[in-house]
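The sequence and structure come first.

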Amino acid sequence: MAAERELVERWLRTYGPGTMADLRWWTGWTATRVKRALATLAVVEVHVEGGGTGIVLADDVEPVEPV
């Protein structure tokens with residue numbers, strides 16, 4: 001379980017915001033397994049450009065300037 005948590009945390013920190021579908025596709029896990037890993041992290045939903053919502057780590061909610 002700790003490895004799953006770490007993997008999801010690193011993915012969100014690197015590629016977030018993401019969706020459940022993104023995480024399921026990338027990991028190959030079931031929705032239940034992704035939800036279980038997310039439940040161990042402090043995450044929040046955010047609105048993403050183009051509509052919809054994504055998941056980010058709670059300490060990573062500030063927008064970043066475009067490169």
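## A charged network

Arg5 and Glu9 sit 4 residues apart in helix α1, which puts about one helical turn between them. The model is predicted. In this model Arg5 and Glu9 form a salt bridge, with 3.2 Å between the closest N and O atoms. Arg5 is partly exposed, at 32% relative accessibility. Side chains of opposite charge can pair when their charged atoms come close. An α-helix has 3.6 residues a turn, so residues three or four places apart point the same way.

A further salt bridge joins the side chains of Arg13 and Asp59, again given as an N to O distance, here 3.2 Å. This pair links distant parts of the chain, since Arg13 belongs to helix α1 and Asp59 to the segment after β2 (53-57), 46 residues apart. Arg13 is partly exposed at 41% relative accessibility, while Asp59 is exposed, with a relative accessible area of 61%. Through shared partners, salt bridges join Arg5, Glu9, Arg13 and Asp59 into one network.

The structure holds 6 salt bridges in total. One of them pairs Arg36 with Glu4, where the closest N and O atoms are 3.9 Å apart.

Are the two partners buried or exposed? Arg36 counts as partly exposed, at 42% relative accessibility. Glu4 is buried, with a relative accessible area of 11%; the cut-off for buried is under 20%.

Helix α1 has 14 residues and reaches 20 Å from its first C-alpha to its last. That span is close to the 20 Å expected at 1.5 Å a residue.

Which residues of α1 are buried? They are Glu4, Val8, Trp11 and Leu12. These residues cover an arc of only 95° around the axis, so they lie on the same side of α1. The buried residues pack against α2, α3, β1 (43-47) and β2. On the other side of the helix, Ala2, Ala3, Arg10 and Thr14 are exposed.

A cis peptide bond joins Gly16 and Pro17, with omega at about 5°. Pro17 is found in the loop between α1 and α2.

## A nonpolar surface patch

Leu7, Trp25 and Trp26 make a nonpolar surface patch of about 370 Å². Of these residues, Trp26 is placed in helix α2 (residues 20-27). Trp26 is partly exposed, with a relative accessible area of 38%, and patch residues need over 30% relative accessible area.

## Ala31 and its contacts

Ala31 lies in helix α3 and is partly exposed, with a relative accessible area of 25%. What does Ala31 touch, not counting residues up to four places away in sequence? The contacts of Ala31 are Met20 and Arg24. The C-alpha atom of Ala31 is separated by 8.3 Å from that of Ala21, a residue 10 residues apart from Ala31 along the chain.

Key. Residues are numbered from 1 along each chain as its sequence is written. This is a predicted model: local features need pLDDT of at least 70, side-chain atom pairs count only at pLDDT 80 or more; totals for chains, interfaces and linings use all residues. Side-chain values use heavy atoms; hydrogens and water are left out. A salt bridge is a side-chain nitrogen of Lys or Arg within 4 Å of a carboxyl oxygen of Asp or Glu. Buried means under 20% relative accessible area, exposed over 50%, partly exposed in between (1.4 Å probe, protein chains only). Helices (H or I, at least four residues) and strands (E, at least two) are DSSP runs, numbered from the N terminus. Patches are made of residues with over 30% relative accessible area and no salt bridge: like charges are joined within 9 Å, nonpolar side chains (Val, Leu, Ile, Met, Phe, Trp, Tyr) within 5 Å. Accessible areas come from the Shrake-Rupley method with a 1.4 Å probe; for residues, only the protein chains shown count as cover. The expected span of a helix is 1.5 Å times one less than its number of residues. The arc is that of the directions from the helix axis to the C-beta atoms. Contact means heavy atoms within 4.5 Å.
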